[in-house]
Amino acid sequence: MRRQARTRPTSGDGGSLRTADITLHGRQVRLEPLDHCHVDGLVTAAAADPALYQWSPVPQANAEAASYVDTALAWRDAGTAVPFAIVRLADGAVIGSTRFWNIERWAWPAGHPRHRRLDPDACEIGYTWFARPAIRTAANTEAKLLMLTHAFESWQVLRVCFHTDARNQRSRAALERIGGKFEGRLRAHRMAADFIPRDSLRFSILIAEWPAAKQQLHRYLDRS
């Protein structure tokens with residue numbers, strides 16, 4: 001697996017944050033900055049099985065996909081998210097999307113080693129979805145490995161968290177599989193894809209837990 005991160009500063013409410021233009025390269029997939037050039041690919045990927053996305057906000061037509069990208073780029077420009085298109089290396093097809101978001105920078109006091117860092121202290125990985133043919137393949141495992149490696153080893157975050165709809169058992173099992181620790185249930189936490197206030201299940205990986213989680217992810221990839 002080869003990682004390449006090209007960054008430039010962006011400005012949000014908290015100042016500069018080196019998050020934009022990150023490209024992450026693996027053996028199966030490449031995570032490249034989401035842009036409008038990916039709209040057609042997103043629509044094609046989502047159209048393979050629309051019923052798959054009962055719990056996830058996934059664009060189903062060109063207008064929806066364009067709005068989806070607009071929102072992701074607005075969050076990127078505010079310094080609060082880093083959205084990606086997931087591209088399959090074998091044929092260059094877009095097979096899904098994911099993003100870093102809820103990016104946090106903590107107010108470390110002067111004199112602390114982390115004072116005035118440009119990189120995040122914590123973040124969330126979410127808005128992850130794949131086309132039906134990519135489900136249960138190495139693509140999801142490798143995408144998570146690429147993102148977690150960047151978060152813990154390049155940004156040196158202290159925590160990466162994940163939330164999933166409490167009804168989404170497949171997502172819960174996937175998060176536990178990659179080393180996420182269950183923290184609890186957040187009631188009426190967010191609007192769900194079916195426009196109700198959903199309960200969310202919260203998982204996280206801490207920096208001290210990352211070496212073991214990384215080994216596990218590599219074992220899954222080696223077996224695949």
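A: Let us begin with a term: a contact means heavy atoms within 4.5 Å. Please keep in mind that this model is predicted.

Q: Which residues does Tyr127 touch, leaving aside residues up to four places away in sequence?
A: Tyr127 touches Pro57, Tyr68, Trp75, Ser97, Thr98, Arg99 and Trp101. Tyr127 itself belongs to strand S6, which covers residues 122-130.

Q: Is Tyr127 buried, partly exposed or exposed?
A: Buried means under 20% relative accessible area and exposed means over 50%, with partly exposed in between. Tyr127 has a relative accessible area of 29%, so this residue is partly exposed.

Q: How is empty space in a protein found?
A: A probe the size of a water molecule is rolled over the atoms, and this shows where empty space is left. In this structure, the largest pocket holds about 1300 Å³ of space. Of the 50 residues lining that pocket, the closest to its centre are Ser56, Tyr127, Thr128, Trp129 and Ser171.

Q: Which element gives the largest share of the lining of the largest pocket?
A: The largest share comes from S6, with seven residues. Other elements that give two or more residues to this lining include helix H2 (62-77), strand S5 (94-104) and helix H5 (210-223). By class, the lining has 28 nonpolar, 12 polar and 10 charged residues.

Q: What is a disulfide, and how many does the count come to here?
A: A disulfide is a covalent bond between the sulfur atoms of two cysteines. For the count, the two sulfur atoms must lie within 2.5 Å. By this rule the count comes to zero. Cys161 is in no disulfide, because the nearest cysteine sulfur, that of Cys123, is 7.5 Å away.

Q: Where is Phe195 found?
A: Phe195 is found in the loop between S8 and strand S9 (197-206). With a relative accessibility of 65%, Phe195 counts as exposed.

Key:
Residues numbered from 1 in each chain as written. Predicted model: local features only at pLDDT ≥ 70, side-chain atom pairs only at ≥ 80, totals over all residues. Heavy atoms only, no water. Helix = DSSP H or I, 4+ residues; strand = E, 2+ residues; numbered from the N terminus. Buried < 20%, exposed > 50% of the residue type's maximum accessible area, 1.4 Å probe, protein only. 1 Å grid on protein atoms, 1.4 Å probe; cavity = no way out; pocket = protein on both sides within 12 Å on 5 of 7 lines; lining within 4 Å. Points joined across faces, edges and corners; volume = space filled by probe spheres on them. Nonpolar A, V, L, I, M, F, W, Y, C, P; charged D, E, K, R; others polar.
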